[in-house]
Amino acid sequence: MRSEAEMFGLILRTAREDERIRAVYMNGSRTNPNAPKDLFQDYDIVYVVQDTAPFLADAFWIDRFGERLYMQLPEQTGLLLGYEADLKNCYGWLIQFADGNRLDLHVQSIPYAQQAIRMDRLCKILLDKDGLLPAMPAPTDADFWVKKPDSALFAAVCNEFWWCLNNVAKGLWREEIPYVQEMLHTVERPQLVQMLAWKIGLEHSFCVSIGKAGKYLSRFLCRTDWEAFLSTYAGAQMESLWASTLAMCGLFDRTAREVAQKLGFCYDEKEASNSFQFLLHVKELPRDASEIYAT
């Protein structure tokens, strides 16, 4: 596997030797001072070019970066699927190399890059032949820090969690395992992760990031909360699905109460209780039931 020095040497040497490339900047985890350093970090590189067209026309120019295992062309794929793409201003090659390195390489027009670099505080200029790019402060992940909620957003997240639990309940009773997994993971879990993020934000003056998909949660949660969070991930058996659902409800309720108390917000305990009791009622509902509540 080529070293970081070898990869940066190749990236910058290519830029220096190619007159079409006028500047180079990098973003992503390699510029983030709070991201852990490991062998899977991508090289997120942007070449600022006079014209993107020649790079798109030459199917072999990226071969200089190494032997490819496979790659993705996001803009080209998007066009094939009917989405819009501004190829004159931005085009990318996401490449997994045979030696284990990964390069996410883009070419951007000068005007496009001059605007795009201002929108991401993790950008770091590696080369600027003509002084085209604006001066950038030291990279920071501040754009991704947990944001302090207002009372309306807090209430909305709570309502979404407890209301959508209805869907989980009926899916569990029907034993519709794919549906339950979808509801838990794509609807309920984001609300739980958001609530945990607010708890962490409060504990760290809202100056930390929990990472994409909450991947850094284990850094900040106490052992009890982290283990409780892990218990919300379900297997494909009904017993496991019920257990993870109940664990998710318990952790959400406990965390929401704490966040509400610290922020001075109102937590709708009646809504939470009624939703949870409905779930428990459905759990005991016979498979041959004809009514949810007997009249």
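Reader: Quick one to start: in β5, what's the bridge partner of C90?
Author: That's Q108 in β5. Pairing here means DSSP finds at least two bridges between the two strands, and strands are DSSP runs of E with at least two residues, while helices are H or I runs of at least four, numbered from the N terminus.

Reader: And what kind of model am I looking at?
Author: It's a predicted model, where local features need pLDDT of at least 70 and side-chain atom pairs count only at pLDDT 80 or more, while totals for chains, interfaces and linings use all residues. Residues are numbered from 1 along each chain as its sequence is written, and side-chain values use heavy atoms, with hydrogens and water left out.

Reader: Ok, back to β4 and β5. How many bridges join them?
Author: 7, and the two strands run antiparallel. Their hairpin has 4 residues between the strands, and G100 there takes a positive phi near 105 degrees.

Reader: What about the pairing of β4 with β3?
Author: Antiparallel too, over 4 bridges. M71 has I95 in β4 as its bridge partner.

Reader: Is β4 buried or exposed?
Author: 8 of its 8 residues are buried, so β4 is largely enclosed by the rest of the structure. Buried means under 20% relative accessible area, exposed is over 50%, and partly exposed is in between, with a 1.4 Å probe and protein chains only.

Reader: Which residues sit on which side of β4?
Author: C90, G92, L94 and Q96 are on one side, and Y91, W93, I95 and F97 are on the other; both faces are covered. In a regular strand, side chains alternate between the two faces of the sheet.

Reader: Zoom out. What's the strand order in the sheet?
Author: β3-β4-β5-β2-β1-β6, an open sheet of 6 strands with mixed pairing. The edges are β3 (68-72) and β6 (124-128), which each pair on one side only. Neighbouring strands are turned by 20 degrees against each other on average, direction ignored. Axes are lines fitted to C-alpha atoms, for helices over the stretch in contact, and angles run from 0 to 180 degrees between N-to-C directions.

Reader: How do β1 and β2 pair?
Author: Antiparallel over 6 bridges, with β1 at 21-27 and β2 at 43-49. Y25 stands opposite V46 in β2.

Reader: Which strands does α1 lie across?
Author: β1, β2, β4, β5 and β6, and α1 (4-17) runs at about 10 degrees to β2. T14 is in that helix, and at 6% relative accessibility T14 counts as buried.

Reader: What does T14 touch?
Author: I21, Y47, W61, R64 and F65, leaving out residues up to four places away in sequence. Contact means heavy atoms within 4.5 Å.

Reader: New topic: how many residues are in the largest nonpolar core?
Author: 49, and those with the most contacts inside the core include F154, W162 and Y267. A core is a set of buried Ala, Val, Leu, Ile, Met, Phe, Trp, Tyr and Cys residues joined through side-chain atoms within 4.5 Å. Helices supplying at least two residues each include α5, α6 and α9. A second, separate core has 26 residues, among them A15, I21, F55 and Y91.

Reader: At what angle do α6 and α9 pack?
Author: About 25 degrees, with axes 9 Å apart. That makes α6 roughly parallel to α9; under 35 degrees counts as roughly parallel, over 145 as roughly antiparallel, 65 to 115 as roughly perpendicular and the rest as oblique.
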